[in-house]
Amino acid sequence: FTATPGGSSWTERDTGRTSAGRYNFERFNFDGNDKLIVVDQANAPTVFNSSFSATDVSESAVSGSKFVVAFKNHMFYAGKSTTPQEVVFSQPFDEDAFSSGSGAGSIKVDDTVTGLKTFRDSLFIFCENRIFQVTGSSLSDFAVKPVTRNIGCINGSTIQEFAGDLIFLGPDGLRTI
């Protein structure tokens, strides 16, 4: 919903969302227009443009995603209950295009993804018991390497940049990368 400043009426901007969980969002600008993408663990990701017009991402492989983050002009989606170990990424500069021949793809890790975070020049994939780092800028050179295979993040909502470092809640308390 949106409202005009000082106004008393509300305008519904997105309809048809059912069984939504916790909302996560990412601001991005792939084409010169500021946008916001929202995931809710149940429905298709929704993109809102600067005039609050809503468009659902049409790819079923990302419907029900819990996490979304922009990295190197690709949109990364993860946290689906049906594929908890997979991170799917879009073609460059298009959050709703998923042709592998045009630069889209997926990354499978050996643990359940609990969060995604872009930090400096890397994408970090947080899992229950492991953390991975993605470097590179496209399908042809994305590289996944383990940061640690001994500790993970128990809640993706705790991942924050703080004092020049990335902190998160591990099973034994707050940790840094």
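Strand E9 (residues 86-89) and E10 pair antiparallel over 4 bridges, where strands are DSSP runs of at least two residues, helices (H or I) are runs of at least four, and both are numbered from the N terminus. Two strands count as paired if DSSP finds at least two bridges between them. Across this pairing, Val-87 has Ile-107 in E10 as its bridge partner.

Before going on, some ground rules: this is a predicted model, in which local features need pLDDT of at least 70, side-chain atom pairs count only at pLDDT 80 or more, and totals for chains, interfaces and linings use all residues. Residues are numbered from 1 along each chain as its sequence is written, and side-chain values use heavy atoms, with hydrogens and water left out.

**The four-stranded sheet**

E9 and E10 belong to an open sheet of 4 strands in the order E7-E8-E9-E10, with antiparallel pairing. Its edges are strand E7 (67-71) and strand E10 (105-108), each of which pairs on one side only. On average, neighbouring strands here are turned by 20° against each other, direction ignored; axes are lines fitted to C-alpha atoms (for helices, over the stretch in contact), and angles run from 0 to 180 degrees between N-to-C directions.

Setting aside neighbours within four places in sequence, Gln-91 is in contact with Asn-73, His-74, Ala-97, Phe-98, Ser-99, Ser-102, Gly-103 and Ala-104, contact meaning heavy atoms within 4.5 Å.

Now for E3 and E4, which pair in the antiparallel sense over 5 bridges. They make a hairpin with 6 residues between them, and Gly-32 in the turn has a positive phi of about 90°. Strand E4 (residues 35-39) is largely enclosed by the rest of the structure, because 4 of its 5 residues are buried. E4 is also joined by 3 bridges to strand E5 (residues 46-48), again running antiparallel, with Thr-46 in E5 as the bridge partner of Val-38. The hairpin of E4 and E5 has 6 residues between the strands, and Gln-41 there takes a positive phi near 75°.

What does Glu-26 do without a salt bridge? Glu-26 sits in strand E3 (residues 24-28), opposite Ile-37 in E4. It is buried, and the nearest side chain of opposite charge, Lys-117, is 6.9 Å away. Charge here means Lys and Arg positive, Asp and Glu negative, with His and the chain ends not counted. The side chain of Glu-26 does reach the backbone nitrogen of Ala-70 at 3.2 Å. Not counting residues up to four places away in sequence, Glu-26 touches Lys-35, Leu-36, Ile-37, Val-68, Val-69 and Ala-70.

**Salt bridges**

Side chains of opposite charge can pair when their charged atoms come close. The structure holds 6 salt bridges, each a side-chain nitrogen of Lys or Arg within 4 Å of a carboxyl oxygen of Asp or Glu.

| Pair | N to O distance |
|---|---|
| Asp-31 and Lys-35 | 3.2 Å |
| Lys-35 and Glu-95 | 3.7 Å |
| Arg-149 and Asp-110 | 2.2 Å |

Arg-149 lies in the loop between strand E14 (143-148) and strand E15 (160-162), and Asp-110 in the loop between E10 and strand E11 (113-119), so their pair ties together parts that are 39 residues apart in sequence. Arg-149 is partly exposed at 38% relative accessibility, and Asp-110 is partly exposed too, at 37%. Elsewhere, salt bridges that share partners join Asp-31, Lys-35 and Glu-95 into one network. Glu-95 is buried, with a relative accessible area of 9%.

**Around Ser-122**

Lastly, Ser-122 lies in strand E12 (residues 122-127) and counts as buried at 8% relative accessibility. Its side chain makes a polar contact with the side chain of Gln-133 at 2.7 Å. A polar contact is a pair of N or O atoms within 3.5 Å; within protein, one must be able to donate a hydrogen and the other to accept it, and residues adjacent in sequence count only if both atoms are side-chain atoms.

Methods
Buried < 20%, exposed > 50% of the residue type's maximum accessible area, 1.4 Å probe, protein only.
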